[in-house]
Amino acid sequence: MSAPRIEVRDLTVVFEGRGRRVAAVDGVSFTVAPRQSFGLVGESGSGKSTILRAICGLAPVADGTISLDGEAPPAARRAFARRVQMVFQDPYGSLHPRHTVDRVLSEPLEIHGFKDRDARIASVLADVGLGPEFRFRLPHQLSGGQRQRVAIARALVTEPDILLLDEPTSALDASIQAEILNLLNRLRREKGLTFLMVSHDLAVIDHMCDRLLVMRNGRMVEELSRTSLDSRAVSADYTRALLVASEGFRRGQPAPEAVPISR
Amino acid sequence: MTSLAPEKTDLRAWLNSDTPRSRGHARAIALWGALSDLARNPLTVFGALLILALLLTAAFAPLIATHAPDAQNLAGRLQPPGWNGHLLGTDELGRDIFSRIVHGSRVTLSVVAIVALTAPLFGLLIGTVAGTLGGWTDRVLMRFTDIVLAFPRLVLALAFVAARGPSIENAVIAIALTAWPPYARVARAEALTVRRSDYIAAARLGGASTPRIILFHVVPMCLSSVIVRVTLDMAGIILTAAGLGFLGLGAQPPLAEWGAMISSGRQFLLTNPWVATIPGIAILLVSLGFNLLGDGLRDVLDPRSARR
Amino acid sequence: MSANAPLLAVEDLRVTFDTRRGPVEAVRGISFQVGRERVGIVGESGSGKSMTGRAVLGLVRAPGRAQARSIRFGDAELTQLSEREMRAYRGARIAMVMQDPKYSLNPVMTVGRQIAESLRVHGRRSAREIRARSISMLEEVAIRDPERVLASHPHELSGGMGQRVMIAMMLVPEPELLIADEPTSALDVTVQLDVLRILDGLVRDRGMGLLFISHDLRLVSTFCDRVLVMYRGRIVEEIAAKDLGQARHPYTRGLLACLPRIGGGDAPLATLSREPAWEAPLP
């Protein structure tokens, strides 16, 4: 069997500040096979987004290893960028307010020395379902869904094989979320991408991912396949609480689980 | 006339379009949007007109001036406005005040232009580098900025001019040397918030180098605050230059410079008040123009003031 | 239809924004009633749901302006009140809870002082009485160590805790109607349910009316008694929450269908194709 596309082993991320050490991620391990889609699910403070940032070198790795195809990820920023790209949660914050769509997409092409930039921009815009009329617009002339499509296009324009998705639809309306999720699934099939997706929404992860890891307070709770989640074959109480919560409100039912009072 | 109308509306539609068809078109639309926002504030328009008048006066000074600025006429000294074709009267050497004001605008404008092109650029560079990199770089650069900021501008300018000899060039250099720290502060404050944003993280993940991020991603976000600040500071810079001229440390006679003109006119303030007040009014109007324009620019450009 | 007389009756409410390109209507003539029940307003961003909530309280800020043929609250006609008279209603008889407690609490004051101040405004005196009342208030919103919460500053509280404190403060004057604008959207799912349980108890035990504004159809459909679905400033459907499965309007049905479900498989989700006809007023 070939090496997993992404392997995270015993990853620990520690933030230090004001004399306190906080382990945002504490000994987390998982593997993602090529062309698979893996989900990290949890509530705020679970460390799920920190894992993505650690893979990208945006968060300090205190312990553990991250490898891509069995090797350490390329240390140089440019070489790494050719393999791994990320889509951020907030489409309003992830696009430079003064850069047109054209500029957003042509900059990575310029950095990596692509020649046929015009053709690539046109084709990646078509890939994410934006017409050529969007090419010279500024972010404030776009809706949230359109911005997120531009962010996806930016991630894909240099043809990476791994896409990290940090709550890519949680800032969007439900109908727009459906469009973006469909788009991501289609692109994964067409381009043979590997997804590592973070979300607080169990239903979104279930829809998008073959396997998932439930996290809480920086630690692993349990790893599940989609089939076991669908048949509610879960072993941890916390996962069960998340499952119940994802179905909405139930009158006359006690709290599924004690919730910590404050942080 | 009638054939012009459709063309006009075409241009308007082109400028207001929300589907730009090229990079240039996108830029034209953004510029037009900012200009029409500016144009809705009458005070800003008034300020802009004053600056425009200064620009035109400086550009066409020899055509506008009725006399040579340093042509003396000792027989017609200290004459009141209107006397014998002298629109604003004559000074103590019988030179035409109107012509000297007109030619003096070139001096004022070049002082403004040189300072506006050097100090803010330097400040922007220091500020964005410090703000983006953080850590030790930030600490060293900002302490250096604080040290320069601690020097009183006029005193440093006086010392500089005293060491190198009075001239308008030295006065400008002295002003520029002391004017940049506030821009560094403004740019750094802006850069500190910008560097945490997702679009900077995205640029980094796209493989962009740090200089590229500073230059193309951070600087554009800091630029508008600095431009606003520069415009509002212009009045102060003109006054400092005029102040140096007044003290005899800036422009040297017979160069027509507004501050020096006030200085030489002050001996006749009680007997022939126009000699000193007219250049004073010129300084006042130009300073007012820059301040009004700066206020309007702040409303349009400053990210902290309300977005439409 | 609620069994009892409506607490709030809004008729032909409009909110208009004056923009550079002319006036834009965010709310286009909607009418609805709220009794002593949970009424949900659901819609996507730009549907005008938040503006509706603000307009009832007279909180639409310039360049927006709100007009209505009538907004009746109990015996009072709110459209006829001056800003000063309105202030007597706002906060006292109609309260509002916003999405993010971080922006509603004063960051430099302890929670205890903020609660004490709101108690004092509403007429309680002695320090001991205020303290006892503060603690019982926090207990009412299921805060287990009220002493510690009273002594903390807002940034020391988690989102769910902050929102509970906000709700507790809103309840000091015992309002008859609570307008909650996305009160749980900034919270984790498990915490979300706790906050909803508190709101639910207030309606059940105190007979308070609740106008619950949210983008989350699943939450609204399981929590509210009645749902108003808004689209581009109009109410396109009004339906009992339990009947949402039989919704008639294609927009409501589309909103329900586009949500991913656990066990729903990975087949493409249904998407909405918006039709211009949805923007027409209801017959």
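**Exercise 1. The domains of chain C**

Task: How many residues of domain 1 of chain C are in contact with how many residues of domain 2 of chain C?

Solution. A word on the source comes first. The model is predicted; local features need pLDDT of at least 70, side-chain atom pairs count only at pLDDT 80 or more, and totals for chains, interfaces and linings use all residues. Residues are numbered from 1 along each chain as its sequence is written, while chains are lettered from A and ligands numbered from 1 in the order in which they are written.

Step 1. Chain C is divided into domain 1 (1-93 + 177-283) and domain 2 (101-172); such bounds come from an automatic or database domain assignment.

Step 2. Two residues are in contact if their C-beta atoms, placed from the backbone, lie within 7 Å. By this criterion, nine residues of domain 1 of chain C are in contact with eight residues of domain 2 of chain C.

Step 3. On the domain 1 side of this contact, helix H8 (residues 189-206) of chain C gives the most, with four residues. Helices (H or I, at least four residues) and strands (E, at least two) are DSSP runs, numbered from the N terminus.

Step 4. The side of domain 1 of chain C that touches domain 2 of chain C has seven nonpolar, no polar and two charged residues. Here Ala, Val, Leu, Ile, Met, Phe, Trp, Tyr, Cys and Pro count as nonpolar, Asp, Glu, Lys and Arg as charged, and the others, Gly among them, as polar.

Step 5. The centres of domain 1 and domain 2 of chain C, taken over C-alpha atoms, are separated by 27 Å.

**Exercise 2. The sheet of chain C**

Task: Which strands of chain C stand at the edges of the six-stranded open sheet, and why is one side of each left without a neighbour?

Solution. Step 1. The order of the open sheet of six strands in chain C is E6-E7-E8-E3-E9-E10, and the pairing is mixed. Two strands pair if DSSP finds at least two bridges between them.

Step 1. Strand E6 (94-97) and strand E10 (234-240) of chain C stand at the edges; each has a single partner strand, so one side of each lacks a neighbour in the sheet.

Step 2. E6(C) and E7(C) pair in the parallel sense over four bridges, and C:Val97 stands opposite C:Ala180 in E7(C). On E7(C) and strand E8 (residues 209-214) of chain C, the pairing is parallel over five bridges, with C:Asp181 opposite C:Ile213 in E8(C).

Step 3. Strand E3 (residues 38-42) and strand E9 (residues 226-231) of chain C also pair in the parallel sense, over four bridges. In E9(C), C:Arg226 stands opposite C:Val39.

Task: Are the residues of strand E7 (residues 177-181) of chain C mostly buried or exposed?

Solution. Step 1. A residue is buried if 20 or more other C-beta atoms lie within 10 Å of its own, exposed if 12 or fewer, and partly exposed in between; C-beta atoms are placed from the backbone.

Step 1. Five of the five residues of E7(C) are buried.

Step 2. In a regular strand the side chains alternate between the two faces of the sheet. For E7(C), C:Leu177, C:Ile179 and C:Asp181 lie on one side, C:Leu178 and C:Ala180 on the other, and both faces are covered.
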